[in-house]
Amino acid sequence: MDLSHMTTEKRNGATMDLDQMTALEIATVMNQEDRKVPLAIEKALPQIARTIEAVETAFRQGGRLFYIGAGTSGRLGVLDASECPPTFGVDTGMVVGLIAGGDRALRFPIEGAEDDRALCVQDLKERELCGRDVLVGIAASGRTPYVLGGLEYARSLGCTTAAIACNRDSEVGKAAHIAIEVEVGPEVLTGSTRLKSGTAQKLIVNMISTGAMVRIGKAYQNLMVDVVQSNAKLQVRAENIVMEATGVDREMARQTIDAAQGSVKTAITMILASCGREEALSLLEKAGGKVRQAIQGR
């Protein structure tokens with residue numbers, strides 16, 4: 001297997017003496033290299049936007065967002081998927097992260113899992129992937145067999161597919177409808193794609209999930225109006241969100257949230273539209289879950 005043509009495998013000229021650097025020098029060169037990541041992503045913003053739109057469409061049709069990957073790439077997909085329910089108040093099955101080797105691979109390497117195309121197909125079949133879903137393959141190298149197998153299977157079902165890679169003209173990019181290829185340059189530690197490549201992947205999945213969720217009404221202004229109040233901190237955050245959105249004091253915010261049966265979005269609509277819970281729910285339903293449109297439609 002020849003990896004020499006891949007940017008992610010090349011040596012970084014700025015860190016040839018990495019093993020002789022002081023702690024401050026290591027931190028400094030890593031910081032300097034990390035600055036290149038958002039600039040590289042900027043070139044792929046149109047492809048990222050297309051992916052956001054595809055995921056939005058899927059969500060509106062009852063479809064799901066799937067991330068697939070191996071190693072760091074897989075862990076980042078699972079991380080993003082696991083953070084969507086508390087952030088946006090969605091079902092745990094709406095965004096699905098799959099890592100080669102299963103959940104054990106989140107903590108321990110599973111030898112050979114990433115090289116098995118059929119394994120990803122099996123994982124996707126178990127979760128009943130269908131044509132309404134969007135599948136995003138994540139592979140820093142751009143050639144991971146597990147991801148390639150998943151992309152090919154998804155396309156055969158009629159899914160929209162996207163691929164996130166850190167090399168140009170990648171195999172996964174060619175296998176997907178949308179190729180998000182971000183060249184961040186050679187890693188500080190040669191071949192360690194948990195560094196700049198991983199940072200780029202994290203930023204991109206943040207954009208995809210957050211962008212799609214905002215588009216389907218999970219935000220009012222820039223506030224998380226469907227946040228789940230699963231602990232004391234988040235209960236206070238919910239109150240703060242209602243206070244920011246409406247101008248009421250904390251006591252009124254809490255009273256209205258309770259009257260809205262814990263829904264921040266409903267509470268905001270109740271206050272701004274001067275209505276009760278049932279009418280607020282009706283307004284939100286007519287507005288597709290978007291607070292701004294619900295208030296304007298009053």
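These legends go with a few close-up views of a predicted model.

**View 1. The whole chain at a glance.**

**View 2. Inside the largest nonpolar core.** This core has 34 residues; a nonpolar core here is a set of buried Ala, Val, Leu, Ile, Met, Phe, Trp, Tyr and Cys joined through side-chain atoms within 4.5 Å. Phe-59, Leu-65, Ile-180, Val-182, Ile-208 and Met-213 have the most contacts inside it. Elements giving two or more residues include α3 (45-60), β1 (65-69) and α8 (196-215).

**View 3. Zooming in on Val-182.** Leaving aside residues up to four places away in sequence, Val-182 touches, among others, Ala-40, Ile-41, Cys-166 and Ile-204 (contact means heavy atoms within 4.5 Å).

View 4. In α5 (residues 117-126), Cys-120, Val-121, Asp-123 and Leu-124 are buried. Seen down the axis, they fall within an arc of 160° (taken from axis to C-beta directions), so they line one face of the helix. They pack against β1, β2 (95-99), β3 and α6 (145-157). On the other side, Ala-118, Lys-125 and Glu-126 are exposed.

Residues are numbered from 1 along each chain as its sequence is written, and side-chain values use heavy atoms, without hydrogens or water. Local features need pLDDT of at least 70 and side-chain atom pairs 80 or more, while totals for chains, interfaces and linings use all residues.

Technical notes. Buried means under 20% relative accessible area, exposed over 50%, partly exposed in between (1.4 Å probe, protein chains only). Helices (H or I, at least four residues) and strands (E, at least two) are DSSP runs, numbered from the N terminus.
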